[in-house]
Structure formats: structure tokens, C-alpha cells
Amino acid sequence: MGGPDALLAARLAAGDDLALAEIFDRLAPAVYGAALHVLGDSAAAQDVVQDVFVDLWSHPARYDPEAGALRTYLTILARHRAVDLVRSELRRLARQERHCRLAPGSAHPSPGEEVAAAEAASVVRDAVQLLPGEQRRVVELAYFHGLTCREVAAAAGIPEGTVKSRLRLARVKLETMLDRQLLESS
Amino acid sequence: MTTHEPVSAPGALPAGLRGRVLAASWQARAPGRPWPEPAEISAVEAFRRAADTLDRLLGTLGDGDWAAPALRDLDVQGLVGHLIGVEEHLQRCLSGDPEVAGTDHVGATQPAAARQAGLPAGETRADWRRAVNRTLGLVRGRAGAAFPAELALHGMRLPLDALLVVRAFELWTHENDIRLAAGLPLAVPDSSSLRLMTALAAPALPVGAARTGLAAPVSVHLVLTGPGGGTWDVLLGSVGRDPAPVRIVTDTVGFCRLVANRAGPGDLDMDITGDPAKVGGVLAAAAALALD
């Protein structure tokens, strides 16, 4: 019947509910740990665990036993989902920040949101430090000091278009670095 | 064949996470159903496909193939004659003739098989095809509701759709008998037809268990892998609770060949959990479902 993971994959495709339960019992702690490592928040990590196992059950063919162990597949999937959550949170924070600048005093984040924001920021802080100096400078001014692109341009003494292009490049690099750091830290 | 011990208990995780994740999974995709799910076809369509496939095979056979020993004392031509006899009995059944209810599947069709001796092979093939077309005409010409809820044929009492799936199963089985006789590779039905066959055979295991005289209750978690498969929990033997269910994982086509009595348990690539004696009882029950 092939190796143990190939057998489990075949059982999942056949709709074997016991197979999913077995996989959960064996690998959920590792999946949960991987998500928790990235997110630092149990509730969010549990959501990732649910996403990962529902995805495995709903689309069993996405896992290819020839490509690697089921444990590796699930933990990598969990990290990717967790990173997606962090990115999503960062985007939300950026939107909120912009909104606050346009309408000061209109937003009052809850204590939970403030904790989540702090955790999310800590995940990317180290990555920001690895950016080239000129990109790091505009990122810090725009995101950590809350300046608009025009204000960043004035503060850095560069054209506004250059600010936007450096921010764009920085975001791409940050996403790549964030992925690599999270994978290497497993 | 490999066996496994039951898996260990879950590790340290937040309380309630296991139940929540499994419930969400079952909601996303119901347990038991294969992925990908084959296109749904009717029982009539499965029967028609099986007949067409066999017809194409018969069209490729040479004179020597028709005379090759195929099954029991029948050559290929005699086996096709047996199928003509089955169609004739099915048509009598559909017409409400009670005499075919309890007749023996093999013995009662032996005259039809013998009739083919000495006839040109092309004539036998044409006779059989006409018989199949008559069956299809009868079934399609009347709404399913026009037939009794259960039809009785050759010791079986089944709804029309189930009876047609049995017929598709039989045509595929004899197609492979003929392929073996002619030295050709075995054929596999399409996944939609296989799904109908497994969905009929797996829940029918208790019928096979009754035929083998299985006494003690045996609960089996049957997992059929590959196209047309699925998962079933079936209780065989006497009514009651089996404290130690067994699990059988095997491939769909192999299981169907076992049900057709064209493969033995030893021929199957299986992964089992539980008492091997109980597993043997389940496999024997599967083989006892065969018509011939």
C-alpha cells in the first residue's frame, strides 16, 4: 500500500474520517507549535490549525507523498498561513494608521488589538533592520513614524516618487525575508 | 498485508481544538465520500457502459478466442450465451414473471449457453447485443416507479437500480473472464461505474456474512482507495455491538474483484487493523456476494 504517508493520503482521498483523526492526533501538536511560533497567540494559532486540517481533508490531492513527509507539508502550510495572518494584520494596521492620520482621534483600538499590533510589529522589526539603508529609512519614517509619502520625501530630501518606489521594493523584500526567517526558525 | 496497533492519544493541545477541527472538516466534506467525487451516473447508464465495453471487446475477438475456455465448462461463446440467458431472465423479471425469482443464476441460464454451440460467433454477439438492447428498451420505456419497489431475480430481491448495477458488475466481470481467455490485459470500469458498484457491494456485506454463516457481530471500517472508492462502517453477523471493530484498507478494483470471486483475500494489497480472524470473516463475506 506504499509508505505510511502514502497510505494516509489514499485513505484521506477515500473519505476515511479515522485517517484524519489519526493525523490530527499525531501531527496537530507540531502544526499548532509552528503556528504559535509565528503568531505568538494561541487563539490565532488554533485558527491556523483548523485551516490546515480542513484544507487537507477538503483537498487531499494537494499533498503529494512523493514530494515529502506529511509532517513537513503540514507544518510548512501552517507557517505560511500564519505569515499570511501577520501580513494581513500589518495591512490592517497600515490602513488604520492612515485613517488615524486623516481623522485624528477617530479610532480607539481595543487592548487586544494593541497587543496583536505589538506582536505583529515585533515579527517584522528584525526584518526591517536587514533592509538596505535607503529603504529602511523610508520604511521607518512611513510606518514607524507615521509620515505620509510627501512628508517622508521632505524629511529624507528625495522626490516623492522615489519614496514610493523604495517603499514598494522594501515591501517585496520584507515579505521574502519574513518567509525565509520563519522557515529557518522552525 | 500489514497490521497496525491503534494510534496513541492526542498530545497536549488547547482543550476542544480536536473536536472543533474535526467538526469543521466534516462540514467541509462529508466523511465516506471519495475525493475527487466521480461524476454521478444512473444505474442504467452504468449498465449501458458495461455492455458497450463488452461489445467492443467481442468485436475484436478472433475465431480462436471464441473457442477458448473461459469459465466453468464454458468457452467464450458459451459465456456470452450465459449472458444472453441472464438478459432473458431479467426481461421476464421486469415483465413480472415470478418464475425467475428463485432460479439458479448459473443453472437456469445453462440452456441459453448451450444454444450457442456451433453458431457463428458473429451471430452470438448479435443475439447478445439484441438482448441487451431489449433490456435497455424495457427499462427506459417505463419510469422506474412503474416497476415494483423490489424485483426478484436469481435469489436476489433488489430495487431496479441496484439490479442494474449488479448487471453492470457482472458484465465487467465476464468481460475480464473473456480477456483472460483471450490473453488480453484486464479492464477497469470508469470511476463513476465503480462508485456505483462499491456503494452497492460494501453495504451488502451483511448479506454475504449471512451466506457464510458469520455468527458473532463484526464491525468493519472499510476503506476502498482509488477512483470509485469510499469509506463505510458496516456491521456484519448477528445484531449486537462489536467491542473491537476492524479496519480494512484496500484498493477499490481489488475489492470488486474479490466481490466477484475473481480474486482471493491473498491477492489483495491490504492494510488491516484488528483481529485477523474477523478480517478473514469480512473478506469471506465479500467473496460470498458473487453470483458465479
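**Notes on the predicted two-chain model**

1. Let me start with B:H154, which has 22 C-beta neighbours inside 10 Å and therefore counts as buried. The model is a predicted one, and in it this histidine takes a positive phi of about 50° although it is not a glycine. You'll find B:H154 in the loop between strand 4 (151-153) and strand 5 (156-158) of chain B.

2. Buried or partly exposed, then, for B:N261? With 15 C-beta neighbours inside 10 Å, B:N261 counts as partly exposed. B:N261 sits in the loop between helix 10 (252-259) and strand 9 (270-273) of chain B.

3. While you're checking backbone geometry, have a look at the peptide bond from B:W35 to B:P36: the bond is cis, with omega near 0°. B:P36 belongs to the loop that links helix 1 and helix 2 (43-60) of chain B.

4. Now chain B as a whole. Its secondary structure amounts to 11 helices and nine strands. The radius of gyration is 21 Å, which agrees with the value near 19 Å that a compact globule of 292 residues would have. Along the principal axes, the C-alpha atoms fill a box of roughly 75 × 40 × 35 Å. Buried residues account for 41% of the 292 in chain B. Taking contacts between residues at least 6 apart in sequence, 74% of those in chain B join residues at least 24 apart.

5. Chain A is built otherwise: eight helices and zero strands. Of its 186 residues, 32% are buried. For contacts in chain A with a separation of 6 or more, 68% come from residues 24 or more positions apart. The chain is divided into domain 1 (4-82) and domain 2 (130-184), and the C-alpha centres of these two domains of chain A lie 35 Å apart.

6. On to the interface. Here 34 residues of chain B are in contact with 28 residues of chain A. Which elements of chain B give two or more residues to the side that touches chain A? They are helix 1 (17-28), strand 6 (218-225), strand 7 (230-236) and strand 8 (246-251) of chain B. Helix 1 of chain B gives the most, with nine residues. By class, the side of chain B that touches chain A has 18 nonpolar, nine polar and seven charged residues.

7. Strand 6 and strand 7 of chain B run antiparallel and are joined by seven bridges. B:V220 stands opposite B:V234 in strand 7 of chain B. The hairpin formed by strand 6 and strand 7 of chain B has four residues between the strands, and B:G226 there takes a positive phi near 90°.

8. Finally, confidence. The predictor gives the complex an ipTM of 0.87 and a pTM of 0.77. Chain B averages a pLDDT of 89, with 95% of the residues scoring at least 70. Chain A has a mean pLDDT of 81, and 78% of its residues reach 70 or more. Among the elements of chain A, helix 3 (residues 42-58) has the highest mean pLDDT (96) and helix 5 (residues 111-129) the lowest (63). In chain B, pLDDT stays under 50 over residues 1-10, for which the model has 15 contacts beyond four places in sequence. Where pLDDT is low, the predicted coordinates should not be read in detail.

Definitions and conventions: Residues are numbered from 1 along each chain as its sequence is written. Chains are lettered from A and ligands numbered from 1 in the order in which they are written. This is a predicted model: local features need pLDDT of at least 70, side-chain atom pairs count only at pLDDT 80 or more; totals for chains, interfaces and linings use all residues. The radius of gyration is taken over C-alpha atoms; the globule rule is 2.2 Å times the number of residues to the power 0.38. A residue is buried if 20 or more other C-beta atoms lie within 10 Å of its own, exposed if 12 or fewer, and partly exposed in between; C-beta atoms are placed from the backbone. Two residues are in contact if their C-beta atoms, placed from the backbone, lie within 7 Å. Ala, Val, Leu, Ile, Met, Phe, Trp, Tyr, Cys and Pro count as nonpolar, Asp, Glu, Lys and Arg as charged, and the others, Gly among them, as polar. Domain bounds come from an automatic or database domain assignment. pLDDT is the predictor's confidence in each residue, from 0 to 100. Two strands pair if DSSP finds at least two bridges between them.
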